[in-house]
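Reader: I am new to this structure and would like to know what lies behind the words used for it. Please take the terms one at a time.

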Amino acid sequence: MLSRTSDPIVAIATAAGRGAIGIVRVSGRQLAPLIDALCGRALKPREATYLPFRDAAGEAIDHGLAIHFPGPNSFTGEDVLELQAHGGAVVLQLLLARCLEAAAEIETGAPSGGARLPGLRVAEPGEFSQRAFLNGKIDLAQAEAIADLIDASTEAAARGAGRSLSGAFSREIHALRDALIHLRMLVEATLDFPEEEIDILQKADAAGQLDALQTQLAAVQQRARQGALLREGIKIVIAGQPNAGKSSLLNALAGAELAIVSAVPGTTRDVVSQTIQIQGVPLHVADTAGLRESSDEVEQIGVARAWGQIGAADAVLFLHDLTRAALPDYMAADAAILDGLTHALAPGVPVLHVWNKSDAVAGAAVPASGIALSARTGAGIDALRKELLVLAGWQTVPEGVFLARARHVQALARVAVHLSGAAEHLAAQAQSLDLLAEELRLGQNALNEITGEFGSDDLLGVIFSRFCIGK
Ligand SMILES: Nc1nc2c(ncn2[C@@H]2O[C@H](COP(=O)(O)OP(=O)(O)OP(=O)(O)O)[C@@H](O)[C@H]2O)c(=O)[nH]1
Ligand SMILES: [Mg+2]
């Protein structure tokens, strides 16, 4: 897909299902003949005209609004025609079919089948946005923000996506790029004067410029990381011995009776997952089978699944039962689990110790690390929520977060690596100025990938194919 970038395209732009209004959208280089055929007249640019949408026999399929946005002043940068009809699946399918049929008639000069005029075809997912990108109406980060805005599951995510779409993220990337280009020009120019190179760089305070650039980058990285967190969330696994109250805790966090709770140890077998949100940050919480040796075959499978979840976790809540915490056997079993966790977890994955059933042990000393709560009464759950945000690395950013993707965070991290490489070469000076220049060039490449100023076609294909049709 995504190769026939000059064909006119058509799609139903509104969601499937019933609605007061549904929109069929066409984009192409020259839509005037098609508009004539569909609307029976020319349309004033960017003005809504109420008219019948007629089929080949001249009978109205529906009445609605037609708007023509002549290129390049349109979303895609090409001619765009929007037909706003009633939002029924059949009506919209009829309109879509009529567009294709009318295009075919124009090409053959007569109402019959055969090849279609300059190849009007149904759009691939994301193809309208792709055209907007290819025609320079939006950059890649903005195009991604369109999909993220549509997919946003929380208000904070939607606001962040809106900010990225309006170009806030791209502007920060451009500011970084401009500072980087400035420094590159200085270094490249210096290469031509080997005698005086060190002098020139010192006078221009290249080290100071690079330092400022790194600080600026760190700030953008921080906001992008927060944005990626808002978009993707983190996976939290509740683990611990049977009967610690893991399922009760999941239910308390979710505010719903999702997992079965019982006094029988070994109740949970399957993993029960739920996405909750705290201050707009999505947290994917998984309740797992209690970890213990068992002769029960089904329970063994459950325990294996629990370890599988733990291996994929971004953070683990290790749940302990305060009513049994002082028993030697219980402590030994907890120690064995902790040992297992250190082997199963990827480096840097945090383990939060949570002491449950605080309601049943009034006044009992809570071990210093972690937090005490009662899944039954809800005491301490708010403190846990705050702690979960800390675990996720969430910080409110005063200027507001822009929604970002893991792809952006990774690219920024690569820029940071190249800038520290550059800083080293700058410190070493004379011997390695060409290496310094190369690091800066690579850093700029990584920045450009974010806005798509250049990038491989493969990358573009992957990004746009995840869009919905009509976008
Ligand atoms: N007093 C008290 N009892 C609790 C609390 N949380 C859970 N329980 C009880 O502890 C028992 C076990 O709870 P579950 O949530 O099923 O425990 P679990 O860790 O999921 O157990 P398994 O699925 O068997 O691993 C039930 O009888 C709960 O009612 C609490 O905060 N206080
Ligand atoms: Mg359970």
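Author: The backbone oxygen of Ile450 lies 3.1 Å from a polar atom of the side chain of Arg407. The model is predicted, so local features need pLDDT of at least 70 and side-chain atom pairs pLDDT 80 or more, while totals for chains, interfaces and linings use all residues. Residues are numbered from 1 along each chain as its sequence is written, chains are lettered from A and ligands numbered from 1 in the order in which they are written, and side-chain values use heavy atoms, with hydrogens and water left out.

Reader: What makes the pair of Ile450 and Arg407 a polar contact?

Author: A polar contact is a pair of N or O atoms within 3.5 Å; within protein, one must be able to donate a hydrogen and the other to accept it, and residues adjacent in sequence count only if both atoms are side-chain atoms. At 3.1 Å, the backbone oxygen of Ile450 and the side-chain atom of Arg407 fall within 3.5 Å.

Reader: Why is Arg407 called buried?

Author: Buried means under 20% relative accessible area, exposed over 50%, and partly exposed in between (1.4 Å probe, protein chains only). Arg407 has 17%, so Arg407 is buried. Its place is in helix α13 (residues 406-428); helices (H or I, at least four residues) and strands (E, at least two) are DSSP runs, numbered from the N terminus.

Reader: Why does Val390 count as exposed?

Author: The relative accessibility of Val390 is 56%, so Val390 counts as exposed. Val390 belongs to helix α12 (residues 381-392). From Val390 to Glu107 the distance is 62 Å in space, C-alpha to C-alpha, and 283 residues in sequence.

Reader: And why is Val272 called partly exposed?

Author: Val272, in strand β8, has a relative accessible area of 22%, so Val272 is partly exposed.

Reader: What coordinates the magnesium ion (ligand 2)?

Author: Ser247 (OG) and Thr268 (OG1) do, at 2.0 Å. Ser247 lies in helix α9 (residues 246-254) and Thr268 in the loop between α9 and β8 (272-278), so the pair ties together parts that are 21 residues apart in sequence. Donors are N, O and S atoms within 2.8 Å of the metal (3.2 Å for Na, K and Ca); water is not among the atoms, so sites may look incomplete. Ser247 is buried at 8%, and Thr268 is buried at 12%.

Reader: How do you know that the span of helix α2 agrees with its number of residues?

Author: The expected span is 1.5 Å times one less than the number of residues. For the 20 residues of α2 (residues 89-108) that should be 28 Å, and the end C-alpha atoms are 29 Å apart, which agrees. Among the buried residues of α2 are Leu92, Leu95, Leu96 and Cys99.

Reader: What makes the phi of Arg46 worth a remark?

Author: Phi of Arg46 is near 55°, a positive value in a residue other than glycine. Arg46 sits in the loop between α1 (32-39) and β3 (49-54) and is partly exposed, with a relative accessible area of 47%. For Asp205, phi is likewise near 55° and positive; Asp205 is in the loop between α7 (197-203) and α8 (206-232).

Reader: Which peptide bond is cis?

Author: The peptide bond from Gly71 to Pro72 is cis, with omega near 5°. Pro72 lies in the loop between β4 (60-69) and β5 (79-87).
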